[in-house]
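Please work through the following exercises with the sequence and the coordinates open beside the text. Each task sentence is followed by a solution that goes step by step.

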Amino acid sequence: MTMNLLHIDASARPGRSDTDLHGSHTRRLSARFVERWRKARSDDRIDHLDVGQQPPAHVDGRWIHAAFTPPAAREPWMADVLAESDRLVDQLIAADVVVIGLPMYNFSVPAQFKAWIDNIVRVGRTFGFDRSRGAVPYWPLLADAGKRVVLLGARGDHGYDAGGRIAHLNHTEGSVRSVLGYIGITDVFEAAVESDEFGGEQLAQSMRRAEQRVDELVDVLAATDTTLSVAAA
C-alpha cells in the first residue's frame, strides 16, 4: 500500500548544513529522512512545503470572521480569504506521515511555522465545535486517522530534552504536540541536534546521534507493519 508523505521545512535558512556553509541543520535532517524514505518506498507520493521560504499568510480579522462563519452562510470573499488555509488543511488530511524540519527560535517555533499551525487548526475542518456539548464543546476531527508526525529539531544550546538542564525553556516540540493532539494527531516522534553555538566535536556528536535517530525512525515508519518499535519521543 502506498502512502503520502508531507515534508515541511520551517527554517529561515535556505540551504542544508551538509552542503552549504551557513545551511540549516533541520533541512539537513529532513532531507536525510526523505532521501532514505524514497529508497525504502519509491512509489510513495512526497509533497514538499517550504514555509521557511514561503510562509503562509498570518491569520487576521477577515480570516477569523470567515473561518467562524458556517460554510452555508459564507459570503464569496470568505472563500478567497480561506483558500490558502483550505489547501494546507487538504494537504495535511491527505498525508499519512508528516516530517517537519523545525528549528528552535528563541525557545519556540519560528513565526513562519506558527502561521502554518494557525492555518490548519480550523473549526469544522480539523476540530469540531458545538455549544450544546456543554463544558467541553471541542473535539478532534483527525483522531483515528493513523497519521504520524516526525519533528526534526535544531537548537543552539544543549540540554533541552526532557530531564535536561534547560528543558524548562523548550517550548518548541511540546507546543506542537499540544496543537496536533488538539486536532487528533498523537503519534509524534522526535530527533534533534543540539550545540550549534558550540560547534566542533560537540556539535558533530550531536549531529551523528540525530542522524542515527532519523535513520531508525525511517526504518520503522516506512515499514508496512503498523506496529511501532521506536518510542514516540
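The exercises below concern a predicted model, and they go from the whole chain to single residues.

**Exercise 1. Describe the overall dimensions of the chain and its secondary structure.**

Step 1. The C-alpha trace spans about 60 × 40 × 35 Å along its principal axes. For 233 residues a compact globule would have a radius of gyration near 17 Å, and because the chain has 18 Å, the two values agree.

Step 2. Buried residues account for 47% of the 233 residues, while the chain exposes about 11700 Å², of which carbon and sulfur atoms supply 51%. Among the contacts with a separation of 6 or more, 70% come from residues 24 or more positions apart.

Step 3. The secondary structure amounts to six helices and seven strands, and along the sequence these follow the pattern β-α-β-α-α-β-α-β-β-β-α-β-α.

**Exercise 2. Decide whether helix H4 (residues 111-120) is enclosed or open, and name what its buried residues pack against.**

Step 1. Seven of the ten residues of H4 are buried, so the helix is largely enclosed by the rest of the structure. The buried residues are Gln112, Phe113, Ala115, Trp116, Ile117, Asn119 and Ile120.

Step 2. These buried residues pack against the strands S1, S2 and S3, and also against helix H2 (61-67), H3 and H5.

**Exercise 3. Locate Ala95, classify it as buried or exposed, and list its contacts beyond four places in sequence.**

Step 1. Ala95 belongs to the loop between helix H3 (76-94) and S3.

Step 2. The relative accessible area of Ala95 is 2%; because a residue counts as buried under 20%, Ala95 is buried.

Step 3. When residues up to four places away in sequence are not counted, Ala95 touches Asn4, Leu6 and Lys147. As for Val51, which is 44 residues from Ala95 along the chain, the two C-alpha atoms are separated by 17 Å.

**Exercise 4. Carry out the corresponding analysis for Asn170, and find what its side chain reaches.**

Step 1. Asn170 is placed in the loop between strand S6 (148-154) and helix H5 (173-183).

Step 2. The relative accessibility of Asn170 is 16%, and therefore this residue counts as buried.

Step 3. The Asn170 side chain reaches the backbone nitrogen of Thr172 at 2.9 Å. Leaving aside residues up to four places away in sequence, Asn170 touches Met104, Phe107, Arg155 and Tyr160.

Terms used
Residues are numbered from 1 along each chain as its sequence is written. This is a predicted model: local features need pLDDT of at least 70, side-chain atom pairs count only at pLDDT 80 or more; totals for chains, interfaces and linings use all residues. Side-chain values use heavy atoms; hydrogens and water are left out. Helices (H or I, at least four residues) and strands (E, at least two) are DSSP runs, numbered from the N terminus. Buried means under 20% relative accessible area, exposed over 50%, partly exposed in between (1.4 Å probe, protein chains only). A polar contact is a pair of N or O atoms within 3.5 Å; within protein, one must be able to donate a hydrogen and the other to accept it, and residues adjacent in sequence count only if both atoms are side-chain atoms. Contact means heavy atoms within 4.5 Å. The radius of gyration is taken over C-alpha atoms; the globule rule is 2.2 Å times the number of residues to the power 0.38. Accessible areas come from the Shrake-Rupley method with a 1.4 Å probe; for residues, only the protein chains shown count as cover.
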